[in-house]
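Trainee: Hi! Could you walk me through this one before I get lost in the viewer?
Mentor: Happy to, let's open it up.

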Amino acid sequence: MLQINIGRRVGVWVAALTLVAFAAPVALGHTSAAPKLVGSPTAGKTVFTSTCITCHMLKTVSSGGSIGPNLNKVTALDENTIIKALTCGGAAVMTKAAVAKYTTTMAAYAPPALTQTQITNLAAFIFSETHPKGAVPKAVVSKTLPKC
Ligand code: HEC
């Protein structure tokens, strides 16, 4: 009886170790790319100065407006989240309470308002301005724009 019990336990361990052996390469990122900044911050700055500056302040951009949130304070947004804010409108990534402080509602800039490339470049610019130099996003940036 005792021997059968031991046999089962060993069997479970072998199964567990086999699982670990198969799962480890995935966990180490062998099957998906590591997160990195996507888009050009320089190109994004140009779009920001023409399209967003009326309502938002952001570090290296002078004379930004205060109709919308001061983006210097928005330091926790990952690149995917910024892309969502631009595609669906800023309110899509904010709490109702935070949105309630503003009398204006930001438009959604999904194509055709801006192209996907312009949105990604803008997100790269805002991410770079609000994170330490060389920081990379926490999550892999999606190849497609989010659904709103
Ligand atoms: C007409 C003014 C206006 C313009 C133009 C505008 N926004 Fe906004 N933005 C707002 C307001 C107001 C909010 C707060 C949410 C709401 O009420 O819609 C907001 C929210 C945001 C947020 C989320 C901030 C947070 O606290 O999480 C981001 C990011 C953002 N805007 C970026 C942009 C970018 C980039 C552009 C240019 C493509 C832009 N906005 C254009 C007014 C504007």
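Trainee: Great. What does the secondary structure of the protein chain come to?
Mentor: The chain has 5 helices and 0 strands. Reading from the N terminus, the order of elements is α-α-α-α-α. Keep in mind that this is a predicted model.

Trainee: Noted. And how much of the protein chain do buried residues make up?
Mentor: Of the 148 residues in the chain, 23% are buried. As for contacts between residues at least 6 apart in sequence, 64% of them join residues at least 24 apart.

Trainee: So let's go inside. How many residues are in the largest nonpolar core, and which have the most contacts inside it?
Mentor: That core has 18 residues, and the ones with the most contacts inside it are Phe48, Ile82, Leu86, Ile119, Leu122, Ala123 and Ile126. The elements giving it two or more residues are helix 2 (41-51), helix 3 (79-88) and helix 5 (116-130).

Trainee: Which element brings the largest share of this core?
Mentor: Helix 5, with 7 residues.

Trainee: Can we zoom in on Leu122? What is Leu122 in contact with, leaving aside its neighbours within four places in sequence?
Mentor: Leu122 is in contact with Gly44, Val47, Phe48 and Leu86.

Trainee: Then where do the axes of helix 2 and helix 5 stand on both counts?
Mentor: Their axes come within 7 Å and cross at roughly 100 degrees. Helix 2 and helix 5 are therefore roughly perpendicular to each other.

Trainee: Which residues meet there, from helix 2 and helix 5?
Mentor: From helix 2 you have Pro41, Ala43, Gly44, Lys45, Val47 and Phe48, and they meet Gln118, Asn121, Leu122, Ala124, Phe125 and Ser128 in helix 5. Sorted by class, this contact has 7 nonpolar, 4 polar and 1 charged residues.

Trainee: And how about helix 3 and helix 5, at what angle do those axes cross?
Mentor: The axes of helix 3 and helix 5 cross at roughly 130 degrees and come within 9 Å. The two are therefore oblique to each other, and their crossing is right-handed.

Trainee: Who's involved in that one? Which residues in helix 3 and helix 5 meet?
Mentor: Glu79, Ile82, Ile83, Leu86 and Thr87 in helix 3 meet Ile119, Thr120, Leu122, Ala123, Ala124, Ile126 and Phe127 in helix 5. By class, the contact of helix 3 with helix 5 has 9 nonpolar, 2 polar and 1 charged residues.

Trainee: Staying with helix 3, how many of the residues of helix 3 are buried?
Mentor: Buried residues account for 8 of the 10 in helix 3, so this helix is largely enclosed by the rest of the structure. The buried ones are Glu79, Asn80, Ile82, Ile83, Lys84, Ala85, Leu86 and Thr87. Helix 5 is included in what covers them.

Trainee: Is His56 buried or exposed?
Mentor: His56 counts as buried, because it has 22 C-beta neighbours inside 10 Å and 20 or more is the cut-off. Leaving aside neighbours within four places in sequence, His56 is in contact with Gly64, Gly65, Gly68, Pro69 and Leu71. The C-alpha atoms of His56 and Leu71 are 6.4 Å apart, and 15 residues separate the two along the chain.

Trainee: What's the story with Ser63? Where does Ser63 lie?
Mentor: Ser63 also lies in the loop between helix 2 and helix 3. Its phi is near 50 degrees, a positive value in a residue other than glycine. Ser63 counts as exposed because it has 8 C-beta neighbours inside 10 Å.

Trainee: One last stop. What kind of peptide bond joins Pro111 and Pro112?
Mentor: A cis one, with omega about 10 degrees. Pro112 is in the loop between helix 4 and helix 5.

Notes:
Residues are numbered from 1 along each chain as its sequence is written. This is a predicted model: local features need pLDDT of at least 70, side-chain atom pairs count only at pLDDT 80 or more; totals for chains, interfaces and linings use all residues. A nonpolar core is a set of buried Ala, Val, Leu, Ile, Met, Phe, Trp, Tyr and Cys residues joined through C-beta atoms within 7 Å. A residue is buried if 20 or more other C-beta atoms lie within 10 Å of its own, exposed if 12 or fewer, and partly exposed in between; C-beta atoms are placed from the backbone. Helices (H or I, at least four residues) and strands (E, at least two) are DSSP runs, numbered from the N terminus. Two residues are in contact if their C-beta atoms, placed from the backbone, lie within 7 Å. Axes are lines fitted to C-alpha atoms, for helices over the stretch in contact, and angles run from 0 to 180 degrees between N-to-C directions. Angles under 35 degrees count as roughly parallel, over 145 as roughly antiparallel, 65 to 115 as roughly perpendicular and the rest as oblique. A crossing is left-handed if the near helix is turned anticlockwise from the far one by less than a right angle, and right-handed if clockwise. Ala, Val, Leu, Ile, Met, Phe, Trp, Tyr, Cys and Pro count as nonpolar, Asp, Glu, Lys and Arg as charged, and the others, Gly among them, as polar.
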